[in-house]
Amino acid sequence: MIEHMETIDEFLAHRTADVERAVREAAATEIMPRFRQLAAHEIDVKSGPHDLVTDADRKAEEYLTGVLGKLLPGSVVVGEEAVHADPATYEALRGDAPVWIVDPVDGTRQFVHGDPGFCTLVALARHGVVLASWTYAPVHDQLAVAVRGRGARLDGERLLAGAPAPGRDLEVATSHPDYTTDDQKRALLGLRTEGVRPRPCGSAGLEYLAVARGELDAVAFSWEAAWDHAAGLLLVEEAGGAHLTLAGAPFRITGGNTLPFTAARDEATARRVLDLLASGA
């Protein structure tokens, strides 16, 4: 068991390259060989027709679970597919051990359809605080890394989200209607107003990266799964952005958030989007 935060700090100071290597190798060995090569028997449906899982998801998560646990002794892994098999696994987010949060293929629907808009997401958290994250888009070989208090980088270059240009419409990626309750749909309708251009989101991880790069002004999402959000939220934070739930508090990866929530290029934009969501709620 890791007993002191200093130990994790030392790990992040000296071993992030090992995590980067593991993420790249998982994609190279388990994901990319199956991209546009999936057979019908390698694709399954989970909760509904839009909630897919493939052999690439399962095998990449197995690979990362094995490697990451060895890199940081005493840590545990919360992966999307493992939680689907055993929901109790999610409780590790609230425990004392450092937790690796893994989404092996974020954007599985895109992956299945041969669309390059997917990525692999890994985050390291403890006591509900995300300490580091890795967002890898394997088709484009782009890797974004964020470490709390040390900034965010894409392929080694510092990411700065900046602020939207005055007078320009806000571009906001939103939850797909299939994944929203009636109350959340009403809140999201608040974004359908002059000066805002909402659109359905693709891979959550890539949308967060677009916010961190200043290419997208904000996201407005209505679900809590930590594997979709942990990596991207830290990436946005370390690029200078902010995130807020409908209750006005930052998003918590441990759950219990008032939804929808937003992550944006800067705090002013986050509050503007939040006000619009509240007006629709």
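D106 stands opposite C119 in strand 5. Strand 4 (residues 99-106) and strand 5 pair in the antiparallel sense, over six bridges; two strands count as paired if DSSP finds at least two bridges between them. Strands (E, at least two residues) and helices (H or I, at least four) are DSSP runs numbered from the N terminus. This is a predicted model, in which local features need pLDDT of at least 70, side-chain atom pairs count only at pLDDT 80 or more, and totals for chains, interfaces and linings use all residues. Residues are numbered from 1 along each chain as its sequence is written, and side-chain values use heavy atoms, with hydrogens and water left out.

On its other pairing, strand 5 joins strand 6 (residues 129-137) in the antiparallel sense over seven bridges. A123 stands opposite S133 in strand 6. The hairpin of strands 5 and 6 has two residues between the strands, and H127 takes a positive phi near 55 degrees there.

## Burial of strand 5

Eight of the eight residues of strand 5 (residues 119-126) are buried, that is, under 20% relative accessible area with a 1.4 Å probe, protein chains only; exposed means over 50%, and partly exposed lies in between. In a regular strand the side chains alternate between the two faces of the sheet. C119, L121, A123 and A125 point one way from strand 5, while T120, V122, L124 and R126 point the other way.

Seven strands form an open sheet in the order 3-4-5-6-7-8-9, with mixed pairing. Its edge strands are strand 3 (76-79) and strand 9 (157-158), each pairing on one side only. Strand 9 pairs with strand 8 (residues 151-154) in the antiparallel sense over two bridges. R158 in strand 9 is the bridge partner of R153.

## Helix 7

Helix 7 (residues 204-212) is mostly covered, with eight of its nine residues buried. The buried residues are A204, G205, E207, Y208, L209, A210, V211 and A212. Just after helix 7, G214 takes a positive phi of about 80 degrees.

## The whole chain

The chain has nine helices and 14 strands. Of the 281 residues, 53% count as buried.

Contacts (heavy atoms within 4.5 Å) between residues 24 or more positions apart make up 65% of those with a separation of 6 or more.
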